[in-house]
Every structure is written in C-alpha cells, then in structure tokens.
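Please read it with the structure open.

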Amino acid sequence: MYDVAAIGELLIDFTVDRIQEDGYPVMAAHPGGAPANFLAALTKYGKKTAMIAKVGDDALGRQLVQTLQQVGIDGRGVLVDGSVFTTLAFVTRDANGEREFSFARKPGADMLLMADEVPYDLIDQSKVLHFGTVCMTNEPSRTAHYKAVEYARQHGKLVTFDPNLRELLWADLEDAKEQMFWGFRHADVVKISDNEVEFLFGCSVEEGAEKLLKEFGVKLVFVTLGKDGCYFANGKGSGRVPGVTDINVVDTTGAGDIFGGSAVTGLLELGKAPEDVTVEEMAKIAAFACTAASLSTTNLGGIFSVPERAAVEARVQQ
C-alpha cells in the first residue's frame with residue numbers, strides 16, 4: 001500500500017549557477033516537477049509514495065527515474081517513451097529578482113501521458129491521489145488526469161490539488177482558470193498561493209479560501225503567502241501562521257510543493273478527515289509545512305532540497 005500517489009510532470013529544472021562575462025547564465029540541472037517535489041517531502045517524512053508520469057527515453061529521463069528510486073519514491077508508474085524528449089524547465093530571474101520560467105516542451109513527455117497508460121491499480125493501492133494543472137494544459141495528458149482523478153474519487157480516495165499556475169504554458173489563460181476550477185471541484189484538500197488567489201478570484205486570501213470551501217466544496221485549504229507564512233481554513237475555522245524570514249534564501253524552486261507534501265504528511269499523521277481538523281491542528285500542520293518549505297530554500301532545486309524532519313521540528317520549537 002501507498003500513502004500518496006501523484007500524477008503529473010517529472011522534469012529537469014535548470015537554475016542559474018552563475019552569469020558569464022557575456023551575460024549568459026551557466027545553469028545547473030536539478031530533478032523536479034511539482035508532483036515529484038511534493039512526493040519527495042512526503043517520502044522524506046516517512047510516507048510511502050508513488051509517481052505516475054512520462055519521461056523521454058533519453059539520458060535525463062532515465063536519470064530522473066533513478067532519482068525517484070534514490071529518494072524512495074516508487075517509480076513503477078513512470079513510463080519511458082522513446083518518441084519524445086524529457087521536459088525541461090529553465091528558471092531565471094528578472095531585473096527585480098523575480099523568477100521567470102521558460103520551458104522546452106513543444107511537446108514534452110509530460111504532455112503525452114495517455115489515459116490508458118495510467119496504472120489504476122497503483123491508485124487502488126493508495127490512500128491519496130495528488131495532482132496539479134501543469135500537465136492539464138494539453139491533450140492527451142489532460143484527459144489522463146481527468147480519468148485518474150475521477151477514478152480516485154469513485155474509489156473513495158482523498159484527493160489533493162495544487163493549481164501550480166505557470167502562465168507561459170497556457171495558450172489561453174481563461175482555459176487555465178477553467179482547468180483550475182475543475183481541479184477545485186474534484187479536490188478535498190487544496191494548497192494554493194496568494195498570487196493564484198489573485199489570478200483566479202481577484203480577492204483577498206480569506207475571501208478566496210471561503211470561495212473554495214463554499215462554492216467548490218473543498219474541505220481544507222492552505223493558502224501560502226511566501227515569506228509571510230500561510231493562511232488556512234476549513235469548516236471549523238481559520239487562522240494564520242508566520243513564515244521563517246531569518247534564513248539565507250538560495251532558491252525558492254519547489255518550496256510550495258514541499259509545503260504541500262509536508263502539510264499532507266501532517267494530515268495523514270493526524271488521521272482525521274480534512275473537514276474534522278481543528279484550528280489548532282491546522283496551525284500545527286501549517287507551521288511545520290511553512291518551516292519545511294522555508295528551510296528548503298537554502299538549497300538548490302526541489303527533490304533534493306527537502307530538509308530533515310529533526311531540523312524542521314527544532315526550528316518550529318524556536
């Protein structure tokens with residue numbers, strides 16, 4: 001049995017290592033993809049996980065499969081396809097220091113997972129199915145996600161969702177909103193950022209969380225606020241926890257995913273349905289997740305940046 005299976009992108013993140021004299025970056029490759037980063041946190045904190053994805057039959061694709069094995073994520077649901085390249089993401093920074101994403105994905109392997117390639121038996125063996133929208137930009141992967149999520153719900157699995165907006169990947173941002181709304185309607189637990197709340201609803205994080213609970217039927221919401229921490233809510237109440245600010249931030253890639261995986265770790269360990277979690281319990285879960293995400297930013301990349309549980313717990317105690 002697995003605690004959590006995730007479906008979506010498994011890719012290489014290229015981040016800037018240094019800038020050459022001619023102004024072009026020297027980039028370092030790191031294993032990533034939001035669902036994989038999410039599972040890396042769960043696995044680090046003792047949960048059994050599995051990945052459903054597609055990579056190319058190329059050097060980087062094969063290395064990604066090896067990386068999953070290295071960190072303890074079951075990769076039997078990852079297909080290696082010789083007809084397409086592994087998806088690549090390039091993370092640079094603009095003049096204001098904000099991250100900018102570029103993708104080698106026309107198409108990339110993550111877009112081409114087909115519904116009949118999804119290992120539904122793996123979902124059968126999992127308590128939770130997690131997904132995002134990066135692989136819902138195009139067919140056939142969009143339908144594969146629909147089928148997997150619907151199957152999970154029909155079979156009584158907990159479904160968690162992170163919209164993970166990457167505007168450059170969408171030909172039409174109204175389509176992005178529609179797919180995210182579909183995700184909300186099919187999710188029990190949602191992790192969303194304050195920027196995504198603004199994009200989708202144009203309102204405060206409190207109002208956005210209320211919309212998700214009352215209009216979409218979500219049972220538990222975490223809204224990440226960057227360095228300012230997290231706002232959380234369910235039918236029992238809401239609250240905030242602060243972020244960790246006195247750290248040396250090196251790379252924020254994957255921090256939101258690590259927050260999500262850490263939060264679901266806490267929820268699983270609590271052993272309660274998301275609608276039954278008290279405000280005090282939500283605060284403890286959010287504090288751990290915020291701290292794990294913050295500490296992850298002191299290292300490069302996503303999968304390998306998850307901090308040790310002892311380090312997170314010690315920092316929470318502070």
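A charge is taken to sit over a ring if NZ of Lys or CZ of Arg is within 6 Å of the ring centre and within 35 degrees of the ring normal. The model is a predicted one.

1. Charges over rings. Lys-177 lies over the face of Phe-199, 5.2 Å from the ring centre. The charged end of Lys-48 sits over the ring of Tyr-2, and the distance to the ring centre is 5.2 Å.

2. Aromatic pairs. The count of aromatic pairs comes to 14. One of them is formed by Tyr-120 and Tyr-151, with ring centres 5.0 Å apart; the planes stand at 55°, so the pair is tilted. This pair links distant parts of the chain, with Tyr-120 in helix H3 (residues 120-124) and Tyr-151 in helix H4 (residues 141-154), 31 residues apart. Are these two residues buried or exposed, or in between? Tyr-120 has a relative accessible area of 22% and is partly exposed, while Tyr-151, at 19% relative accessibility, counts as buried. The cut-off for buried is under 20%, so Tyr-151 at 19% counts as buried and Tyr-120 at 22% as partly exposed.

3. A second pair. Phe-222 and Phe-259 form an edge-to-face aromatic pair, 5.9 Å centre to centre and with 70° between the planes. Distant parts of the chain are linked here too: Phe-222 belongs to strand S11 (residues 220-224) and Phe-259 to helix H8, 37 residues apart. Both Phe-222 and Phe-259 are buried.

4. Aromatic cluster. One aromatic cluster is formed by Phe-131, Tyr-146, Phe-161, Phe-181, Trp-182, Phe-184, Phe-201 and Phe-216.

5. Largest cavity. The structure holds two cavities of 30 Å³ or more. About 80 Å³ of space lies in the largest cavity. Its lining has 14 residues, and those nearest the centre are Phe-38, His-130, Lys-191, Gly-260 and Val-264. Which element gives the most to this lining? H8 does, with five residues. At least two residues each come from strand S9 (158-162), strand S10 (189-193) and H8. By type, the lining divides into seven nonpolar, four polar and three charged residues.

6. Second largest cavity. This cavity holds about 50 Å³ of space. The lining divides into four nonpolar, three polar and two charged residues.

7. Second largest pocket. The volume of this pocket is about 260 Å³. It is lined by 13 residues, with Gly-266, Glu-269, Lys-284, Ile-285 and Phe-288 nearest its centre. Helix H8 (255-270), helix H9 (279-296) and helix H10 (309-317) each supply at least two residues of the lining. The largest share, five residues, comes from H8. The lining residues divide into four nonpolar, four polar and five charged.

8. Backbone points to check. Most residues other than glycine have a negative phi, and most peptide bonds are trans. Asn-164 is not a glycine, yet its phi is positive, at about 50°. A cis peptide bond joins Lys-106 and Pro-107, with omega about 0°, and Pro-107 is found in the loop between strand S7 (99-104) and H3. The bond from Glu-139 to Pro-140 is cis as well, with omega near 5°; Pro-140 is in the loop between S8 and H4.

9. Lys-236. This residue is placed in the loop between strand S12 (230-234) and strand S13 (237-241). What is Lys-236 in contact with, leaving aside its neighbours within four places in sequence? The contacts are Glu-275, Asp-276, Val-277, Thr-278 and Val-279. Lys-236 and Glu-100 are 136 residues apart in sequence, and 38 Å apart in space from C-alpha to C-alpha.

Definitions and conventions
Residues numbered from 1 in each chain as written. Predicted model: local features only at pLDDT ≥ 70, side-chain atom pairs only at ≥ 80, totals over all residues. Heavy atoms only, no water. 1 Å grid on protein atoms, 1.4 Å probe; cavity = no way out; pocket = protein on both sides within 12 Å on 5 of 7 lines; lining within 4 Å. Points joined across faces, edges and corners; volume = space filled by probe spheres on them. Helix = DSSP H or I, 4+ residues; strand = E, 2+ residues; numbered from the N terminus. Nonpolar A, V, L, I, M, F, W, Y, C, P; charged D, E, K, R; others polar. Phe/Tyr/Trp six-rings, centres within 6.5 Å; stacked < 30°, edge-to-face > 60°. Buried < 20%, exposed > 50% of the residue type's maximum accessible area, 1.4 Å probe, protein only. Contact = heavy atoms within 4.5 Å.
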